[in-house]
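Here is a briefing on one protein chain. Please look over the sequence and the structure first, then read on.

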Amino acid sequence: PRSTPSNSSAASDVYKRQELDVYDYLAIAIVLLTFVSRIALSPHCLWIDEARELSIARNLLRTGKTTYLRSPWSQHPIMFYLLIALNFLLFGFTDFAGLLIPMALGSLTVLLIYLIGAEMGNKKLGLIASLLLAFHPLFWFLSDRILNDVPVTFFITLSIYFFLKGEKDDKYMWLAGISSALAVLTKVVAISLFPFYLIYLTVKHREKFLFERKYWVALGLFFLIFSSWMLKNYLDFGYFLPLELYIGRITAGQEVLDAQPPQYYLLNLPSILRWWLFLLFTWGLFCSYLRRFKDTFPFVLYALVFFIIISSQTVKVPRYLLPMLPPIVLVSAVGLDKLMRDFKTSGLLLVLTILLFVLYSSTSEATALIRSKAKGFCGLKDVGNWLRPVIGDKGIIAGSTMQIAWYADTNNVYGFPRNESSFDDFVKENNISFIVVDAWERTQPRYVYMPVEGGYAFWYPYFLNRSIYPVVQPIVFEDRVVAVIYGVES
């Protein structure tokens, strides 16, 4: 009986440790605000990339294979398409089913950043970092796009979170292995986790980590999950990995679309990150240096490793840097936290002023960016919906506008020749029912195909407009071929 009070006291201590405090409630509020803002401020019109991802996921659900335009799709692994396909089971073949993935995982990434800050022993730091991430224009914008950038950022951050916890508790290291596999199965660039972990463990533990079981178990779980996708590739398409494709991303020449020199990201880093985050990150690096990178070493290291790997690819697009944002905002938050600790009240007021400016500036930029990009392809939904009842189950579309194929709900889609001499034979041999003449945002030539003998094509010159708002104009040839022109105002 005498031991009862001490047992009650111990239980009470555990309960108190699990209670939520004001920082936890604020973090939950930020996560909910992140999710709600994505839904409320999303006047969404699909990019061709988004329609492609949705179509591949639909093919995966219907056929069990990842295919695009009747061919195996190897550009990205299966995880993102699997998540969308599972959402299709709940919400049907809708845009929202795809949108929910980046919106939800983006919000969870914000929560992870807060939890990492708490793991560092500073919830205030985690709260600041979660705010910086949630309202960053690039992160906000991509959370509203059906692309794999936000999902891979989530899984990479999840892996790092479990890895840091796994340094103290073995079972979390196993979860880090599983998360790493899911990250790589979302986008191959997540392979950057491996050199990061290897360098980190070598610096922290020297060769001793090689003799610890938990790291080998985590590695085994990674290969077990990753090899299942390799096996599926072999059974479906006859290869384990599209190595030629992945190697080509590094060895391709500058003639490739969106090719940039190696220094592209370095020279444009301030503008991609936004100048205010670049300045905060620089200050955070300096503060971390003063403390010999005591808490920030893993985040600085991962940002550096990822930056080197992503810069080695020939094709460079600003959004590809998104997985760097979580470690960067954590390092930036360290600098702001130091201001509050060193200057007390004045430091707190300065940090609040900075955060208010960031929130206002980022919200204005993000919403403007979302609205400007929403005007590009809205009319294509009308085209696809018009085609759906007309083509039925057997109609075949030739054209490269994936938005129309997505809304028309058909897998019978061909990309047609860019060579007018073979165009007529292509139409006849493949029994094409509809030709969709499209205007890609920037890749299409300045002309549509010239007339060919047989009357199955026509000529309509146009000049590109990077912000095309479609004008739908069906043209019927012999009751057989329908050409849908849009974007011809200019």
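Ser-130 is buried, with a relative accessible area of 1%. That value falls under the 20% cut-off for buried. The model is predicted. The chain has 19 helices and seven strands.

**Whole chain**

- The chain has 490 residues, and 50% of them count as buried.
- Consider the contacts with a separation of 6 or more: residues 24 or more positions apart account for 72% of them.

**Ser-130**

- Helix 6, residues 123-134, holds Ser-130.
- Which backbone oxygen lies 2.7 Å from a polar atom of the Ser-130 side chain? It belongs to Leu-127.
- Beyond residues up to four places away in sequence, Ser-130 touches Ile-30, Val-110, Ile-113 and Tyr-114.

**Trp-276**

- Trp-276 sits in helix 14, which covers residues 275-290.
- Trp-276 has a relative accessible area of 5%, so it counts as buried.
- Setting aside neighbours within four places in sequence, Trp-276 is in contact with Leu-132, His-136, Pro-137, Phe-357, Val-358, Ser-361 and Ser-362.
- One of these partners, Ser-361, is 85 residues from Trp-276 along the chain. The C-alpha atoms of Trp-276 and Ser-361 are separated by 9.7 Å.

**Phe-306**

- Phe-306 belongs to helix 15, residues 297-311.
- Is Phe-306 buried or exposed? Phe-306 is buried, because its relative accessible area is 0%.
- With neighbours within four places in sequence left out, the contacts of Phe-306 are Val-189, Ser-192, Tyr-320, Leu-321, Pro-323 and Met-324.
- Leu-321 is 15 residues from Phe-306 along the chain, and their C-alpha atoms are separated by 8.4 Å.

**Second largest pocket**

- The second largest pocket has a volume of about 360 Å³.
- Its lining has 16 residues. The closest to the pocket centre are Phe-194, Tyr-197, Leu-201, Tyr-215 and Leu-219.
- Which elements give two or more residues to this lining? They are helix 9 (170-184), helix 10 (193-205) and helix 11 (213-237).
- Helix 11 gives the most to the lining of the second largest pocket, with five residues.
- By class, the lining has 14 nonpolar residues, two polar residues and no charged residues.

**Positive phi values**

- Most residues other than glycine have a negative phi.
- Arg-206 has a positive phi of about 55°, although it is not a glycine.
- Arg-206 lies in the loop between helix 10 and helix 11. Both of these helices give two or more residues to the lining of the second largest pocket.
- Arg-206 has a relative accessible area of 56%, so it counts as exposed.
- Lys-344 is not a glycine either, and its phi is positive, near 55°.
- Where is Lys-344 found? Lys-344 lies in helix 16, residues 325-373.
- Lys-344 is exposed, because its relative accessible area is 58%.

Methods
Residues numbered from 1 in each chain as written. Predicted model: local features only at pLDDT ≥ 70, side-chain atom pairs only at ≥ 80, totals over all residues. Heavy atoms only, no water. 1 Å grid on protein atoms, 1.4 Å probe; cavity = no way out; pocket = protein on both sides within 12 Å on 5 of 7 lines; lining within 4 Å. Points joined across faces, edges and corners; volume = space filled by probe spheres on them. Helix = DSSP H or I, 4+ residues; strand = E, 2+ residues; numbered from the N terminus. Nonpolar A, V, L, I, M, F, W, Y, C, P; charged D, E, K, R; others polar. Buried < 20%, exposed > 50% of the residue type's maximum accessible area, 1.4 Å probe, protein only. Contact = heavy atoms within 4.5 Å. Polar contact = N/O pair within 3.5 Å; in protein donor to acceptor, adjacent residues only side chain to side chain.
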